[in-house]
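User: Got a chain here that I'd like to walk through. Can we go over it piece by piece?
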Amino acid sequence: MKISTKIFSIFIFSLTGTTLSAQTNSELNKEVEVIKNYQPSISDAYKISNNPVIRDTNNYTPTFLYNIYSSDIEIDKNINHFPVVKLSNPPLTKSNTGYAKAALGNALTPYGELVINTSPARNTDFGIHFYHFSSQPKIKLNNEQKVKAPYSKNMARIFMKNYFRKSVLEWDVNYKRNRINYYGFPGDTLAYNQFKDESENYNSKQAFNNASASLNLHNINRRSKLDYNAGLKYNYFWNNTGQSEHHANYNGAFTRRYRTHQLVLNTTFDYY
């Protein structure tokens, strides 16, 4: 009985051991196939880059020293003598001594103008001026009647300047005459009869005449303490119908410098 029991137990243990060994060998010897890129890595290894950098622990600051040494450059000195230039009076320019104009238009309209003045001189400037303009038109009135309507403008003038050492005297003489013709007055109106009684020329023609003369004196010395500008003028007007007028005028301005001030006096006088 004991022998059979041992044999049975040995058989059972042998079966059990076979089974355990078979299971253990199948798990350890299992083959696994992995498909991926092979990337080997080395842990805890020191890698050197392509461009190694050496770190220096000592700081160095460069210093620069420069100096400028000035020195004269010797240059040959040559003096060129130029000929002496003789200064002479500038050439005299011819000033405009006047002009003449003339024209002719329809309705017999002549025009003429003449200006003559002397060249600038140290003592005196003198000039004359003449002017004429006229026309001889005809105008048709409301009653279909054509009447003459002439008119004219005339002027004659003489002017002069006299230069002194510190002042200038200017004088001017002028005469003007404007003429017109009256037209269009019927012979049976009250206005015509009234004008006819007053003047025989009232219904025919009229002329306005004006004659004037002026005189002016002013200083040209800017260094003078007294600055003055005074003038006299006389004007006379008359016409064909008997009207006339006289006018005299005086105008003066005086300025006196006194230290930092200026004393000014303006005077005016008119007579009609």
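User: How many helices and strands does the chain have?
Analyst: This is a predicted model. The chain in it has two helices and 11 strands.
User: What pattern do they follow along the sequence?
Analyst: Reading along the sequence gives α-β-β-β-β-β-β-β-α-β-β-β-β.
User: Let's take strand pairing. How do β6 and β7 run, and how many bridges join them?
Analyst: Strand β6 covers residues 151-163 and strand β7 covers residues 167-181. They run antiparallel, with 13 bridges joining them.
User: What joins β6 to β7?
Analyst: A hairpin, through three residues.
User: Which residue in β7 is the bridge partner of Ala156?
Analyst: Tyr175 is the bridge partner of Ala156. Tyr175 also belongs to an aromatic cluster, together with Tyr236 and Trp238.
User: And β7 with β8, over how many bridges do they pair?
Analyst: β7 and β8 pair over 15 bridges, again in the antiparallel sense.
User: What's the geometry of Phe208 and Phe237?
Analyst: The centres are 6.3 Å apart and the planes make an angle of 15°. That pair is stacked, because planes under 30 degrees apart count as stacked.
User: Which strands do Phe208 and Phe237 lie in?
Analyst: Phe208 is in β8, residues 205-219, and Phe237 is in β9, residues 226-239. The pair therefore ties together parts that are 29 residues apart in sequence.
User: Switching to the whole chain. What share of the residues is buried?
Analyst: Of the 272 residues in the chain, 13% are buried.
User: Last one, contacts. What share joins residues at least 24 apart?
Analyst: Taking contacts in the chain between residues at least 6 apart in sequence, 46% join residues at least 24 apart.

Note on methods. Residues numbered from 1 in each chain as written. Predicted model: local features only at pLDDT ≥ 70, side-chain atom pairs only at ≥ 80, totals over all residues. Heavy atoms only, no water. Phe/Tyr/Trp six-rings, centres within 6.5 Å; stacked < 30°, edge-to-face > 60°. Helix = DSSP H or I, 4+ residues; strand = E, 2+ residues; numbered from the N terminus. Buried < 20%, exposed > 50% of the residue type's maximum accessible area, 1.4 Å probe, protein only. Contact = heavy atoms within 4.5 Å. Pairing = 2+ DSSP bridges.
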